[in-house]
Amino acid sequence: MNLSLFASRWSPYIGGCLVGVLAVLSVVVTTIVIDKPKYLGASTTFVRTVGFIEQSFAAEHVENNAYFEKTKIKVDWQMMFVVGVFAGALISARLGKTAKLEMVPPIWQERFGPSPIRRAIGAFVGGSILMFGARLAGGCPSGHGLSGNMQLSVSGLLALGFFILGGVATARLIYGRRG
């Protein structure tokens, strides 16, 4: 098992432990700093980002939107967490020398062909469906799955189980059985 930051693949056990440490630290640090625990999650950041963009074009609409009265448009710790996830993935791929620009991944190309437009449309539609579901559920897999289970929440355990089932069913539907 390679523990080097420069390894092309990291141990999923080490990665899982580090995510667990991060989840606990997020609660401890936010409790100490702002006197209110904050749990890991990401989907609200994407809604706030859309709110930032929409403010540029239709500020009055955002101002009168009841959703943004509860979910304030702001740069907060969660937005920095999401930026850190993207930055960390890029840095990790660069250090492990596995970073590459790939318009159409081989598994997608094998099933749907080499069109980057088809891939972009598929990614956009899939992301939109996932975001709609996350907002409908009041949180994303990291919010319900990680943070919910960290609090021993029955709803978190159920949500995580259904996230896994949904992912397996979708992968089988789209890609079929492999190997």
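Glycine 176 takes a positive phi of about 70°. In this predicted model, the glycine sits just after helix H8. Helix H8 itself covers residues 154-175, 22 residues in total. From its first C-alpha to its last, H8 reaches 31 Å. That span is close to the 32 Å expected at 1.5 Å a residue.

A nonpolar patch lies on the surface. Its members are Val21, Val24, Leu25, Val28, Val29, Ile32, Val33, Ile34, Tyr39 and Met150. Together they have about 880 Å² of accessible area. Helix H1, residues 12-34, gives the most to this patch, with eight residues. An α-helix has 3.6 residues a turn, so residues three or four places apart point the same way.

Valine 33 is placed in helix H1 and belongs to the nonpolar patch. Its relative accessibility is 63%, so valine 33 counts as exposed, the cut-off being over 50%. Threonine 30 is also placed in helix H1. Here the relative accessibility is 12%; threonine 30 therefore counts as buried, since the value is under 20%.

A polar atom of its side chain lies 3.3 Å from the backbone oxygen of valine 27. Leaving aside residues up to four places away in sequence, threonine 30 touches Leu25, Asp35, Lys36, Pro37 and Lys38. Of these, Leu25 is also a member of the nonpolar patch.

Notes
Residues numbered from 1 in each chain as written. Predicted model: local features only at pLDDT ≥ 70, side-chain atom pairs only at ≥ 80, totals over all residues. Heavy atoms only, no water. Patch = residues over 30% accessible without salt bridge, like charges linked within 9 Å, V, L, I, M, F, W, Y side chains within 5 Å. Areas by Shrake-Rupley, 256 points an atom, 1.4 Å probe, with all protein chains shown as cover. Salt bridge = Lys/Arg side-chain N within 4 Å of Asp/Glu carboxyl O. Helix = DSSP H or I, 4+ residues; strand = E, 2+ residues; numbered from the N terminus. Buried < 20%, exposed > 50% of the residue type's maximum accessible area, 1.4 Å probe, protein only. Expected span 1.5 Å × (residues − 1). Polar contact = N/O pair within 3.5 Å; in protein donor to acceptor, adjacent residues only side chain to side chain. Contact = heavy atoms within 4.5 Å.
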